[in-house]
Amino acid sequence: MSRIGKNPVSISQGVDVSIKDNVVIVKGKLGELSQPISKGITVKIEDGIITLDRVSEIKDHKAQHGLMRALISNMIEGVSKGFTKDLELVGVGYRASNQGQKLDLALGFSHNIVLEIAPEVKIETVSQKGKNPIIKLSSFDKQLVGQIAAKIRSFRAPEPYKGKGVKFVGEILRRKAGKSA
């Protein structure tokens, strides 16, 4: 058995889970998410607990077993609590601002980068004097928050010598020594 896949998923208070046409639908106070179930995986809901089983011991079914359990667990946590990602802009002159769902980034290029953020994601920029600007992303969809955070980080990934770039708050960068004279 998959260690992750065999663990049951408990349904939080105020979350409604249903299965229709091999699609799991999760509704909560923050939103609604759906996920199609892979072939070879069966989902059962009993007494507020979701259990997943697989049809056979094929390698693909073993992989899908743990994946489906993790995705359903993330959906339940997302519609009840939500997910947040914080990004920090490290570098002289690096700035971030937002007007509604448009994020405006000044990352040392000749032009600012303007990124349209999905309406499901709430965005907030914090700029304090003497501190690095911070971008806060929050949503009920963990995949979407991670994808947008990775896209923002890809514009100027942190470099290993001075540590300049867009990094996650709390991320530890592996630094390198510069040229030795």
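**Entry 1: a loop residue**

I began with Ile 37, which lies in the loop between strand S4 (32-36) and strand S5 (41-46); helices (H or I, at least four residues) and strands (E, at least two) are DSSP runs, numbered from the N terminus. Before going on, I noted that this is a predicted model, where local features need pLDDT of at least 70, side-chain atom pairs count only at pLDDT 80 or more, and totals for chains, interfaces and linings use all residues. I also noted that residues are numbered from 1 along each chain as its sequence is written, and that side-chain values use heavy atoms, with hydrogens and water left out.

Is Ile 37 buried or exposed? I found Ile 37 buried, at a relative accessible area of 9% (buried means under 20% relative accessible area, exposed over 50%, partly exposed in between, with a 1.4 Å probe and protein chains only). Leaving aside neighbours within four places in sequence, I listed Asn 22, Val 24, Val 43, Met 68 and Ile 72 as the contacts of Ile 37 (contact means heavy atoms within 4.5 Å). I also checked Gly 82, which is 45 residues from Ile 37 in sequence and 22 Å from it in space, C-alpha to C-alpha.

**Entry 2: the four-stranded sheet**

Next I traced an open sheet of four strands, ordered S11-S12-S7-S13 with antiparallel pairing (two strands pair if DSSP finds at least two bridges between them). Strand S11 (122-126) and strand S13 (165-168) are at the edges with a single partner strand each, so one side of each has no neighbour in the sheet. The twist averages 20° from one strand to the next (axes are lines fitted to C-alpha atoms, for helices over the stretch in contact, and angles run from 0 to 180 degrees between N-to-C directions).

I saw that strand S7 (residues 83-90) and S13 run antiparallel, joined by four bridges. Leu 87 is opposite Phe 168 in S13. Helix H2 (residues 142-155) packs on this sheet, touching S7, strand S12 (134-139) and S13, and its direction makes about 5° with that of S7.

**Entry 3: a lysine in S13**

Lys 167 lies in strand S13, and I noted it as buried, with a relative accessible area of 15%. What does the side chain of Lys 167 reach? I found the backbone oxygen of Glu 171, at 3.4 Å. Not counting residues up to four places away in sequence, Lys 167 touches several residues, including Asp 86, Glu 88 and Arg 153.

**Entry 4: salt bridges**

How many salt bridges does the structure hold? I noted five (a salt bridge is a side-chain nitrogen of Lys or Arg within 4 Å of a carboxyl oxygen of Asp or Glu). One of them joins the side chains of Asp 53 and Lys 44 (3.3 Å, N to O). Asp 53 is partly exposed at 27% relative accessible area, and Lys 44 is partly exposed at 39%.

I then followed Glu 57, whose side chain meets Arg 54 (3.1 Å, N to O) and Lys 62 (4.0 Å, N to O). Arg 54 counts as buried at 12%, Glu 57 is exposed at 53%, and Lys 62 is partly exposed at 39%. Through shared partners, the salt bridges join Arg 54, Glu 57 and Lys 62 into one network.

Notes. Polar contact = N/O pair within 3.5 Å; in protein donor to acceptor, adjacent residues only side chain to side chain.
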